[in-house]
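Me: Before I use this model, I would like to go through some of the terms attached to it and ask what each one rests on. Please set each value against its definition.

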Amino acid sequence: MTLTKKSYVSKMVNELKPSGIRRFFDLAASMEGVISLGVGEPDFVTPWHVREEAIRSLEMGYTAYTPNAGLFELRQEIAHYMEKEFDVSYHPQNEIIVTIGASSAIDIAMRTILDPGDEVIVVEPCFVSYVPMVELAGGKAITVQATKEHDFKILPSQLEAVVSERTKAIMLCSPNNPTGTMLNKAELKAIAQFAIEHDVLIIADEIYAELAYDEDYTSMAAIPGMHERTILVSGFSKGFAMTGWRLGFVCAPKPIAEAMLKIFQYQLMCASTMSQYAAIEALKNGRSQVEKMVKSYRRRRNFIVQSFNDMGLTCHNPGGAFYAFPSIKSTGLTSQEFAAQLLQQEKVAVVPGDVFGESGEGHIRCSYAASLEQLQEALKRIERFIQNFK
Amino acid sequence: MKLNAQQIEIIEILEKDARMPLEDVAKMVGFSLEETTAIVKQLEDEKILVRYISLVDWTKVEEHPGVRAMIDVKVTPKQGVGFDDIAERIYRFDQVQSVYLMSGVYDLSVIVEGKSMNEVANFVSQKLSTLDSVISTTTHFILKKYKHDGTVLETGKEDQRIVVSP
């Protein structure tokens, strides 16, 4: 059958760029004996007490839909948790929606706030789906580049240079995927001030908030004056090691949250019921497990960052998440070339930095959510690989 | 001896994997190799790091004899020395691997190793229960080790994650 004409697919989707990660995945997946530092998820299995709670919910026969915004008990736990851990206050009744991962939260946020042609400033390097999600919502993504010179922290002056009448929001992720950079309170304040001055929203992707290694995490919504203009996106995937459960949540002021819920109820009805029961347990009793994982990531972060710097691939110290983002410019290769050759020659999979945005070029994303043995071996291989370029 | 956060971190790393190269340990805690080596030496001198041992799964070794039993021992403590005296009289036996003072319905938990159940039974009846202060013993043989010191012994664990993900 060759009847399917390309024109059946919408112009917008036709023009959507395929994810740069996808191509790399296909290549790496076809090879044997690959050590992967390309994995964007924890290497921990979800703690048993959480898994057990999901099993119990199935045994009890809790298999029906939940309210659109999620189980009320879960929203109460989220409200309590966010208040206690991050000093932000949201009402479980109408300011919190439980979503299918953070991705669906970002999607409904974009579709809620954007009219055709509205602009969203997207700070790059960033997660690969921000720009497509803006575009799919009919908006226009205006990218700005956080650079290595400032440890991949965006400066208000850079935002100033691209802000326009049509700017509706800034898309920000801290701790960041792929750079690991975490913005401190003062840096958040500076961006907040810009947002207030220009009357724009901030969509804060705080999915890695639990994974902060050197200082306490500050939420954008906790900055004075920002509660009313922040759409806070978070979830259970990274901090609680629950990626496959597909469970996120979004907190926003009532008028925005209620508008988002309109979309979510038509689009997805509600998040998976058993995942929601598991998440209640994670929030109630999971803190010590999270702390254990954080401790383990911190050790590995220190190890990988020091090792990269020792071998001459300069790497800033990432304050959170589980990615190191070293520069590979000294090899003279582009990040695509570096990643492809490293995979071919040494069977180590990393993600070329340019897939996350222009300023990611010249860098590679290395996830240290891998066992120490794997990290030790991978670093040995990378060190051997870069000898070719000295 | 009061330890700081980095010293404790070094201990925790080595407790998990005693063969971790000190060079790597140093990177993990943010010290130089020299500093780390000095700290480890000090911890060894202080007998905080007592010994580096291997966790062995002997069941995989064919025809390797050996059984382990955990024995609950009730004793009469002695004036002045409490349980220490009888504990020492018990741990001096080579067959005894561990001795712990316990809270609860019995006093000492004794782990004994022998080549056969018979050998352990003989030890309990002839050596342990005949000691003056020992009132009673209850012997539990270990039939299978599933998890030991945080490590699951029989595991088909494979990384289930996809190779590259955003």
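This is a predicted model: local features need pLDDT of at least 70, side-chain atom pairs count only at pLDDT 80 or more; totals for chains, interfaces and linings use all residues.

Reply: Two strands count as paired if DSSP finds at least two bridges between them.

Me: What makes strand E6 (residues 201-205) of chain A and E7(A) a pair, and in which sense do they run, parallel or antiparallel?

Reply: The rule asks for at least two bridges, and E6(A) and E7(A) are joined over 4 bridges in the parallel sense, so they count as a pair. One of the contributing positions is Ile202(A), whose bridge partner in E7(A) is Thr230(A).

Me: How do you know that E7(A) also pairs with strand E8 (residues 248-251) of chain A?

Reply: The same test applies: 4 bridges join E7(A) to E8(A), where at least two are required, and these two strands run antiparallel. Within E8(A), Phe249(A) stands opposite Ser234(A).

Me: Why is strand E7 (residues 230-235) of chain A called mostly covered?

Reply: A residue is buried if 20 or more other C-beta atoms lie within 10 Å of its own, and 6 of the 6 residues of E7(A) are buried.

Me: What makes the buried residues of helix H2 (residues 20-29) of chain A lie on the same side of the helix?

Reply: The buried residues of H2(A) are Phe24(A), Phe25(A) and Ala28(A). They cover an arc of only 105° around the axis, which puts them on the same side of H2(A). Their cover includes strand E1 (35-36), helix H12 (335-346), strand E10 (348-349) and strand E11 (351-352) of chain A.

Me: How do you know whether the radius of gyration of chain A agrees with that of a compact globule?

Reply: For 390 residues a compact globule would have a radius of gyration near 21 Å, and because chain A has 21 Å, the two agree. Along its principal axes the C-alpha trace of chain A spans about 60 × 60 × 50 Å, and 52% of its residues count as buried.

Me: What confidence does the predictor give to chain B and to the complex?

Reply: On a scale from 0 to 100, the mean pLDDT of chain B is 93, with 99% of its residues reaching 70 or more. For the complex, the predictor gives an ipTM of 0.84 and a pTM of 0.91.

Definitions and conventions:
Residues are numbered from 1 along each chain as its sequence is written. Chains are lettered from A and ligands numbered from 1 in the order in which they are written. A residue is buried if 20 or more other C-beta atoms lie within 10 Å of its own, exposed if 12 or fewer, and partly exposed in between; C-beta atoms are placed from the backbone. The arc is that of the directions from the helix axis to the C-beta atoms. Two residues are in contact if their C-beta atoms, placed from the backbone, lie within 7 Å. The radius of gyration is taken over C-alpha atoms; the globule rule is 2.2 Å times the number of residues to the power 0.38.
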